[in-house]
Amino acid sequence: MNQIRQWHPFVGPFDPCPPITVKAYLVPPNLFIPFQPPNWPQFSPAEALKRGTLWPALYSPYESRMLEGRREVQ
Amino acid sequence: MSAPKKPDEAYYQLLTELQQLDFVLVELMLYLDTHPYDLQAVQQFNQFAQRRQQVAQVYESRYGPLLQFGHSFSRYPWDWANTPWPWQV
């Protein structure tokens, strides 16, 4: 599932700044898992520390979208 | 105080392993808080706790105590105050 969603905010005609037409937000997988089932596959300890979770199903990359946002504005 | 020991490759390897084991233990602890009857997870937790103890023992025998207040044994001479301190590595 794609973890990034977008919405199009209202742009007023008197906005003094160049409007941001598309805004994006991240929905991490834990939002859609009310109760974690047992015996999920796991990362190795090293991988888990690096990714910040022991279970691949809960992994969310949370990448920086700063550059992408700037490109939208320009 | 003796001369400060320079941290070698094994030092960082052991610290990394401790960090990894601790992270798995935290994750399992949080999971077990909501799944107290998951026997397999409890077994895995205990297995990791044991491995952590072993790694910590190796670390402490080579580089000195990790904890105070009697949770770690001391070598001779007393070297708790010796560098490197946690924020220096």
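How many residues does the contact take from chain A and from chain B? Select both sides: nine residues come from chain A and 11 residues from chain B, where two residues are in contact if their C-beta atoms, placed from the backbone, lie within 7 Å. By class, the side of chain A that touches chain B has six nonpolar, three polar and no charged residues. Ala, Val, Leu, Ile, Met, Phe, Trp, Tyr, Cys and Pro count as nonpolar, Asp, Glu, Lys and Arg as charged, and the others, Gly among them, as polar.

This is a predicted model, in which local features need pLDDT of at least 70 and side-chain atom pairs count only at pLDDT 80 or more, while totals for chains, interfaces and linings use all residues. Residues are numbered from 1 along each chain as its sequence is written, and chains are lettered from A and ligands numbered from 1 in the order in which they are written.

Next, select A:P9. A:P9 is exposed, because 10 other C-beta atoms lie within 10 Å (12 or fewer count as exposed, 20 or more as buried, and those in between as partly exposed). From the C-alpha atom of A:P9 to that of A:P19, 10 residues apart along the chain, the separation is 9.1 Å.

Finish on chain B with residues 9-34 and 39-63, helices α1 and α2 (DSSP runs of H or I, at least four residues, numbered from the N terminus). Their axes, lines fitted to C-alpha atoms over the stretch in contact, are 9 Å apart, and the helices pack at an angle of about 155°, on a scale from 0 to 180 degrees between N-to-C directions. By class, the contact of α1(B) with α2(B) has 19 nonpolar, one polar and four charged residues.

Terms used. Helices (H or I, at least four residues) and strands (E, at least two) are DSSP runs, numbered from the N terminus.
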